[in-house]
Amino acid sequence: MNSIITYEVDEKDNQISHDAWLTQQVNVAFDRMENGLAVFVSNEEANAQMTEFKRKIHAKNNPL
């Protein structure tokens with residue numbers, strides 16, 4: 001039973017630390033936007049960038 005309690009506490013701590021990290025990332029994004037440092041791209045450009053990123057990852061993991 002003690003291990004179950006420890007697991008639940010660990011899961012709660014992990015959730016809190018993830019929530020804190022996520023809040024920090026959102027705050028950084030808003031700070032960049034407010035300071036004019038954010039770069040927005042169209043949906044088409046974002047998809048093209050993601051496709052290229054995936055291609056590079058696949059090429060790295062599957063060398064010919």
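Which residues form a nonpolar patch on the surface of the protein? The analysis rests on a predicted model, in which local features need pLDDT of at least 70 and side-chain atom pairs count only at pLDDT 80 or more, while totals for chains, interfaces and linings use all residues. Residues are numbered from 1 along each chain as its sequence is written, and side-chain values use heavy atoms, with hydrogens and water left out.

The secondary structure consists of 2 helices and 0 strands, taken as DSSP runs numbered from the N terminus (H or I, at least four residues, for helices; E, at least two, for strands). Of the 64 residues, 0% count as buried, where buried denotes under 20% relative accessible area, exposed over 50%, and partly exposed the range in between (1.4 Å probe, protein chains only). Carbon and sulfur atoms contribute 58% of an accessible surface of about 6,200 Å², computed by the Shrake-Rupley method with a 1.4 Å probe.

The nonpolar patch comprises Trp21, Leu22, Val26, Phe30, Met33 and Phe40, which together have about 630 Å² of accessible area. Patch members have over 30% relative accessible area and no salt bridge, and nonpolar side chains (Val, Leu, Ile, Met, Phe, Trp, Tyr) are joined within 5 Å. Trp21 lies in helix 1 (residues 2–34) and is partly exposed, at 45% relative accessible area.

The whole structure contains 1 salt bridge, defined as a side-chain nitrogen of Lys or Arg within 4 Å of a carboxyl oxygen of Asp or Glu. Arg55 and Glu52 form this contact at 2.6 Å, N to O. Both residues belong to helix 2 (residues 43–61), 3 residues apart.

How values were computed. Patches are made of residues with over 30% relative accessible area and no salt bridge: like charges are joined within 9 Å, nonpolar side chains (Val, Leu, Ile, Met, Phe, Trp, Tyr) within 5 Å.
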